[in-house]
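Me: I am new to this structure. Can you walk me through a few features and how to read them?

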Amino acid sequence: MKKMLLHTFKLGDVEDPEVYAASPIYEWQQTEAGKWVMEHSIDPTFHIFTDAVTYGYVISITAHITPKRWTEFCLRWS
């Protein structure tokens, strides 16, 4: 199992990034790729980083996934 980066998106300068990130994360989970990740990966998590260029935030979704499943994910949605 390897921890892989599955999806990223940006937020502007907001007071509480966790609250504002919840809706885009939920919307991504409802896509075909998001549903597949939730079913076939272990421990999907999101991480919030500050974006020094835009003074906002970058949110990344990662999960532990087998190399075989990672290849399938890349072939389907990359």
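Reply: Tyr55 sits in the loop between β2 and β3 (56–65). Strands are DSSP runs of E with at least two residues, helices are runs of H or I with at least four, and both are numbered from the N terminus. This is a predicted model: local features need pLDDT of at least 70, side-chain atom pairs count only at pLDDT 80 or more, and totals for chains, interfaces and linings use all residues. Residues are numbered from 1 along each chain as its sequence is written, and side-chain values use heavy atoms, with hydrogens and water left out.

Me: What is the phi of Tyr55?

Reply: The general idea comes first. Most residues other than glycine have a negative phi. Tyr55 is not a glycine, yet its phi is positive, about 55°.

Me: How many salt bridges does the whole structure hold?

Reply: Side chains of opposite charge can pair when their charged atoms come close. A salt bridge needs a side-chain nitrogen of Lys or Arg within 4 Å of a carboxyl oxygen of Asp or Glu. The search of the whole structure finds three.

Me: Which residue pairs with Asp51, and where do the two lie?

Reply: Lys10 is the partner, with the closest N and O atoms 3.6 Å apart. Asp51 is in strand β2 and Lys10 in strand β1 (residues 2–11), so the pair ties together parts that are 41 residues apart in sequence. Asp51 is buried at 11% relative accessible area, whereas Lys10 is exposed at 59%.

Me: Which residues form salt bridges with Glu72?

Reply: Arg69 is one, at 3.4 Å between the closest N and O atoms. Both lie in helix α3 (residues 67–77), three residues apart, so about one helical turn separates them. Arg76 also meets Glu72, at 3.1 Å from N to O. Arg76 and Glu72 are four residues apart in helix α3, again about one helical turn. Shared partners join Arg69, Glu72 and Arg76 into one network.

Me: How exposed are the three?

Reply: Glu72 is partly exposed at 24%. Arg69 is partly exposed at 32%. Arg76 is partly exposed at 46%.

Key. Buried means under 20% relative accessible area, exposed over 50%, partly exposed in between (1.4 Å probe, protein chains only).
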